[in-house]
Amino acid sequence: MVGYGFMGAAHSHAWRTAHRFFDLPLTPELRTLAGRTESSLLAAAERYGFAQTTTRWQDLLEDPEIDVIDICTPGDTHFEIAMAALAAGKHVLCEKPLANSVEESEQMTAAAIEARAQGVRSICGFSYRRTPALAYARQLVAEGAVGEIRQIRAQYLQDWLSDADAPMTWRLDKEKAGSGALGDIGAHIIDLAQWISGQRISSVSGTLETVVPTRPAAGDLQGLGGKGDTSGERQDVTVDDVALFTGRFESGVLGSFEATRMAQGRKNAMRVEINGSAGAVAFDFERMNELEIYDATTPAGRQGFTRVLTTEPEHPYAANWWPTGHGLGYEHTFTHQIADLVTAIGEGTDPSPSFEEALQVQRVLAAVETSAADGSSWTSTDPQSSTQETSR
């Protein structure tokens, strides 16, 4: 594994746990943790359960005992590490977004396709797909439970940057992060909207806003945010705080998207709702074990959303855990991701989301940025089309 911060902790827990709850064809072993700062790296390796450490991620590629490279670093490093790992014949799990640009994502995807022919697997870490309620929502939509899809809305609301004096972090630096709320959390709802609906976003009209233009350069970090030193230097924020856009899907269906880290009181409100001719499904990650289902064919007077607790053995992944009603948490989505990846490696199949799917998300992110810079003009996500479209 490369990186040992927030995602490193979540991924490590998943690698340690997956084979204990899922019947996997292979057993993961945490061999080497790579990072830049030796003192904190050693502490992280001991805490997470890695056998050894290195300050050179290249060492991982040269070790014949290592089969999988897990990339948990900021977006500006994904390209170099993933390309080298695929060339070395290592399976790759790369955190989202796939890279900081469409161009890098395209090259990574081409390399993944070439490596696939040699039996090398790759996957991008859109872990929310592994939430049982969302996986069940996708199943219901595919089965026709909502009928013809008519509208999609998705939000990802957080508040950890609401304090204007929260300290500067790498997530606020475009060179490292690629974009702000758009790529950090907006990427998730883009992926989920496309995955659950089975449709791609073909064009977008977007707006980006940096609400707090500078942040304290130093301070005490807590979680993702913290408290900055207001007596010292402030640095420019070079990414968006708020991203709003409308997306048109291939079928012509419209979707509305909002990603913000400025929504006071919303801690991790990742919401998706699919409205169709026969009903709807609605989800909020702050109630992650629940799915709301609306059946429009129910007789008048008895219609309304039904709250389904997705902890039954019939629901995706749930049978591997606790008795009915004993809920799962955020960390379980990563465990499910590792279980699916290890199963694919063991069975010689291709896991999802592939780098191709992640590239599509990257194209949507880039189109939103292009649109926002051009007065919210309708902008195509298709690389073969002109960048602008006429609003329909």
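How many strands form the open sheet that contains β4, and in what order? Three strands form this sheet, ordered β3-β4-β5, with parallel pairing. This is a predicted model, in which local features need pLDDT of at least 70, side-chain atom pairs count only at pLDDT 80 or more, and totals for chains, interfaces and linings use all residues. Residues are numbered from 1 along each chain as its sequence is written, and side-chain values use heavy atoms, with hydrogens and water left out.

**View 1. The open sheet β3-β4-β5.** Strands here are DSSP runs of E with at least two residues, helices are runs of H or I with at least four residues, and both are numbered from the N terminus. Two strands pair if DSSP finds at least two bridges between them. The edge strands, β3 (68-71) and β5 (122-125), each pair on one side only. From one strand to the next the twist averages 10°. Four bridges join β4 (residues 91-95) to β5 in the parallel sense. Helix α10 (residues 355-373) lies across β4 and β5 and runs at about 40° to β5. Such angles run from 0 to 180 degrees between N-to-C directions, with axes fitted as lines to C-alpha atoms, for helices over the stretch in contact.

View 2. A disulfide is a covalent bond between the sulfur atoms of two cysteines. Here it is assigned to a pair of cysteine sulfur atoms within 2.5 Å, and by this rule the count comes to zero disulfides. For cysteine 94, the nearest cysteine sulfur is that of cysteine 124, 5.6 Å away, and cysteine 94 is in no disulfide. Cysteine 94 counts as buried because its relative accessibility is 0%; buried means under 20% relative accessible area, exposed over 50%, and partly exposed in between (1.4 Å probe, protein chains only). Cysteine 124 is buried too, with a relative accessible area of 0%.

**View 3. The crossing of helices α6 and α8.** The axes of α6 (residues 132-142) and α8 (residues 181-197) come within 8 Å and cross at roughly 40°. The two helices are therefore oblique to each other; angles under 35 degrees count as roughly parallel, over 145 as roughly antiparallel, 65 to 115 as roughly perpendicular and the rest as oblique. Contact means heavy atoms within 4.5 Å. On the α6 side it is made by Leu134, Ala135, Ala137, Arg138 and Val141, and on the α8 side by Leu192, Trp195, Ile196 and Ser197.

**View 4. Glutamine 194 in helix α8.** Glutamine 194 is buried, at 8% relative accessible area. Leaving aside neighbours within four places in sequence, glutamine 194 is in contact with Gln199, Arg200, Ile201, Phe249, Gln360, Val361 and Val364.

**View 5. Strand β7 and its pairings with β12 and β18.** Eight bridges join β7 (residues 201-209) to β12 (residues 242-249), and these strands run antiparallel. Serine 203 has arginine 248 of β12 as its bridge partner. The pairing of β7 with β18 (residues 379-380) is also antiparallel and has two bridges. Within that pairing, valine 204 stands opposite threonine 379.

**View 6. Serine 12 in helix α1 (residues 6-21).** Serine 12 is buried, with a relative accessible area of 0%. Not counting residues up to four places away in sequence, serine 12 touches Met1, Leu30, Tyr48 and Phe50.
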